[in-house]
Amino acid sequence: MDLVELAKQLGIILLIAVAVLGFMMVAVLYIILKLRWVIARIQSRLGPNRTGPWGVAQTVADALKLFQKEDIIPCGADKWLFTIAPVIVFVPAYLVYVVIPFGEGLTAHSLNIGAIYISAISSIGVIGIVVAGWASNNKWSLLGAFRGASQLIAYEVPIILALSIPILITGTLDLDKIVQAQAGNFWNWNLFHAFPMLPLAFLMMLIAGLAEINVTPFDIMEAESELVAGFNTEYSGMKFALFFLAEFAASFTLAAIIVTLFLGGYQPPLHILGAQVTAKLFGVIPLFSLISLGWFIFKCWVVVLGIMWIRSTLPRVRMDQLMNLSWKALIPVGLVNLLLTGAYVVFWMK
Amino acid sequence: MKSTLCKDIVNSFVSVAKGLWVTVTHWSPARPSVTELYPDVMPELPENFRGMPTLPVNPKTGRSGCIACGACMRMCPEQIIKVVADKGDPKERKPAEFTIDISRCMWCGLCMEVCPTNCLKPARTFEHACYTRECMVYTLEDLMKLGGTLPEEPESVESEESS
């Protein structure tokens, strides 16, 4: 009896894990394709349009190609660390998805410390990057890894400072509850509240998040023109694919966190478009969470497009500029912002 | 000191916004892509496109205006043009054989420049790839076929012949 219960529980956990993994895979496949289209259009090109109708099968074809590639481990590399590094990078990118509220009641596991969990887990990935750089026995990889480490240390602080503003104002670390606190019309979203503090936190989150996921204005650790490809220079085949997957999964995660904390999560922009009202209108209750899932995905899509827009516009910053931006600009501003928010919570919000 | 800091901050935001505006105008559907889908859609050749030399047919006489003078043969830096005059009719000079080995042609256009009757004209095609060296050698018939028929303007050819 006990064993049956246990098996049931394990089965449910496995099912959820597979569902989340599937969602992540589909999201990453789409994001890679969309990124190539968007960058192509911005550069007045067409982008992938040969594989399947409008090139929709391009990423699948690329993944199949990567499967067939020879898996090279350079001589002199630390074989075990070299093999395990992509996994260390990939697993945290996957684990973050556990607490993200995809829709009403569609959280894989709602933690009451969700926000801390996210910032803690997502910074494990940098260990994998350092391991990859070290194990490759290649100077470019090592330089890229060092840059990655210093960058992620520098940008972890502003991210947490920015995270703490909506947490202070909503008074909870649970992402589900943060989303519920933003219910109603769009002016209830965190972005449009507490004027100088939350919009500033949103901006900081966006800038520091871009640095955290290493996209172009801040992709100093894989800067193609300086370091061949940074920490993944020596990687090929499926290991490279895992790095790639983790990178794009992280860009979706950033969008999801921004949407959850600032843009109302799965709440519709107008109350009338919400799940409760639509369900009442059409009398279909199971659609409940699917509608909110749709809103969540739509908002994430918009944020991801914004990230792609920024990444195809801005040139790469220098290493010292990158460090200056974090330590001299974002962190002081974030600290002042935190102070202001604290005062706001204590004196106005009682 | 403080004023430059404020200016720098404002400037950086403004310049980022400017860059984002430039890219979004390129992103918009009003700005079509410059990519040509060549094998599916043939590119539009410019008016003065200069392809390989060909011998267009004069619609009045039914053959090209070549008088087999051999000027192009002598001029060709690669020596790939071969002209043999037809000695059959002493009143009328015409080529019995006219071959161009296009595989070695460098598209200098000297043959067309030197031609006294202006009968060597650039083709408006560029798809000359094939699998053997032999098929790159264009004979008189090939050149006439590639050149097509001249438009109704035979006076220029005749006037030059008479002068």
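Which helix of chain A does Ile178(A) lie in? Ile178(A) sits in helix H7, residues 175–180 of chain A; helices are DSSP runs of H or I with at least four residues, numbered from the N terminus.

This is a predicted model, where local features need pLDDT of at least 70, side-chain atom pairs count only at pLDDT 80 or more, and totals for chains, interfaces and linings use all residues. Residues are numbered from 1 along each chain as its sequence is written, and chains are lettered from A in the order in which they are written.

Ile178(A) counts as buried because it has 24 C-beta neighbours inside 10 Å (buried takes 20 or more other C-beta atoms within 10 Å, with C-beta atoms placed from the backbone). Leaving aside residues up to four places away in sequence, Ile178(A) touches Pro166(A), Thr170(A), Thr172(A), Thr260(A) and Leu261(A); contact puts the C-beta atoms, placed from the backbone, within 7 Å.

Now to a helix pair. The table gives the two partners.

| Helix of chain A | Residues | Contact residues |
|---|---|---|
| H8(A) | 197–212 | Leu198(A), Phe202(A), Met205(A), Leu206(A), Gly209(A), Glu212(A) |
| H9(A) | 237–262 | Leu254(A), Ile258(A), Phe262(A) |

H8(A) and H9(A) pack at an angle of about 170°, their axes 10 Å apart. Axes are lines fitted to C-alpha atoms over the stretch in contact, and angles run from 0 to 180 degrees between N-to-C directions. That angle makes H8(A) roughly antiparallel to H9(A), a label for angles over 145 degrees.

Between the chains, 11 residues of chain B are in contact with 9 residues of chain A.

Methods: Helices (H or I, at least four residues) and strands (E, at least two) are DSSP runs, numbered from the N terminus. Angles under 35 degrees count as roughly parallel, over 145 as roughly antiparallel, 65 to 115 as roughly perpendicular and the rest as oblique. Two residues are in contact if their C-beta atoms, placed from the backbone, lie within 7 Å. A residue is buried if 20 or more other C-beta atoms lie within 10 Å of its own, exposed if 12 or fewer, and partly exposed in between; C-beta atoms are placed from the backbone.
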